Amino acid sequence: MTNGIPSYVIHGNVAWDNIHWQPKLEKLAAQADAVCFGSLAQRNTMPSEAIKKFVCAMRPEARKVFDVNLRQHYFSDSVIRDSFEIANILKVSDEEIGKLCELLHIPCPADSPENAAIEQMNKFNFDIALLTLGPNGCICFANNESFHIPAYDMGPVMDTVGCGDSFTAAFTSALLHGKSPKEATEHGVKVAGFVSTKGTMPQSIPNDLLLNG
C-alpha cells in the first residue's frame, strides 16, 4: 500500500492463465444474463481468445461489463481495444483513466478525467460508463446524462483491496434486479464502502445491502 493505493504481487501460470475455449461454453454464454471480464486475465493469448469468444457468444441484450485492470505491464492496447469493441458497459478507476486514454489516444485533462470517460463511451457506444473515484464515490454516464454518487460512510476504512470488484459485482447484480443505472451505482458504492471496512473480502454483507427479488 502506497499513499492509500494498493500494490500487487501478481504470480504467473495461475488458473486464469489457463482458461481455454470449450464448445460447451458457447451454450453457457448464450444463457448468461451478464458477464464481467477484465484485462488482467487476458495477459496471455489463450485465455484472451476464450474470454472474447464467450462474450461474443452472449445475447445482444446481455450485460457485458469490461472492468479495466491495468496492472504493472500486463496489458496491451490491442487487448483494451478488442475488449471495448465487445463490451456494452465500461468500468474504469480514476487511477487507470490516464493510462487508458494514453493507450486509446484520447485527450485526458488531469483535472477532468470524466471528460475522457465520456469520450470513450461516445466512441465505443457503451450503454453505461462508470468512473470510480475511490473515497469520492463514482461517476456514472448513462442515457446521455451523468451523475455523481458520493461515497457512503460505512465506518473506518481498513483495506481497499476488493472494493473495485465488489462495486462491479454489486452494480451488475442491481441492474439484473431491474434497478436503474443510478440506483445500481448507489448500490455498488454502498457495497464497496462496506467491503472497505472489513480488511478483507467479507463472507457476507448486511441484510440492508441485499437486493430483494
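Me: A helix axis here is a line fitted to C-alpha atoms over the stretch in contact. With that in mind, why are H3 and H4 called roughly perpendicular to each other?

Reply: First, this is a predicted model. The axes of H3 (residues 77-86) and H4 (residues 97-104) cross at roughly 90°. Angles of 65 to 115 degrees count as roughly perpendicular. H3 and H4 are therefore roughly perpendicular.

Me: How do you know that H3 meets H4, and through which residues?

Reply: The two axes come within 10 Å. Contact itself means heavy atoms within 4.5 Å. On the H3 side, Asp77, Ile80, Arg81 and Phe84 take part. On the H4 side, Leu100, Leu103 and Leu104 do.

Me: What makes up the contact of H3 with H4, by class?

Reply: Five residues are nonpolar, none is polar and two are charged. Leu, Ile and Phe count as nonpolar, Asp and Arg as charged.

Me: What makes E1 and E6 the edge strands?

Reply: The six strands form an open sheet in the order E1-E2-E3-E4-E5-E6, with mixed pairing. E1 (34-38) and E6 (145-149) each pair on one side only. The twist averages 15° from one strand to the next.

Me: How do you know that E3 and E4 pair, and in which sense?

Reply: Pairing needs at least two bridges between the strands. E3 (residues 89-93) and E4 (residues 128-132) have five bridges, in the parallel sense. For a place to look, Ser93 stands opposite Thr132 in E4.

Me: Where does H3 lie relative to the sheet, and at what angle to E2?

Reply: H3 lies across E1, E2 (63-67) and E3. Its angle to E2 is about 155°. Angles over 145 degrees count as roughly antiparallel. H3 and E2 therefore fall in that class.

Me: Why is His105 called exposed?

Reply: The cut-off for exposed is over 50% relative accessible area. His105 has 67%, so it is exposed. His105 sits in the loop between H4 and H5 (113-124). Its phi is near 60°, a positive value in a residue other than glycine.

Me: What about Asn125: buried or exposed?

Reply: Buried would need under 20%. Asn125 has 62% relative accessibility, so it counts as exposed. Asn125 is in the loop between H5 and E4. Phi is positive here too, about 60°, although Asn125 is not a glycine.

Key. Residues are numbered from 1 along each chain as its sequence is written. This is a predicted model: local features need pLDDT of at least 70, side-chain atom pairs count only at pLDDT 80 or more; totals for chains, interfaces and linings use all residues. Side-chain values use heavy atoms; hydrogens and water are left out. Axes are lines fitted to C-alpha atoms, for helices over the stretch in contact, and angles run from 0 to 180 degrees between N-to-C directions. Helices (H or I, at least four residues) and strands (E, at least two) are DSSP runs, numbered from the N terminus. Angles under 35 degrees count as roughly parallel, over 145 as roughly antiparallel, 65 to 115 as roughly perpendicular and the rest as oblique. Buried means under 20% relative accessible area, exposed over 50%, partly exposed in between (1.4 Å probe, protein chains only).
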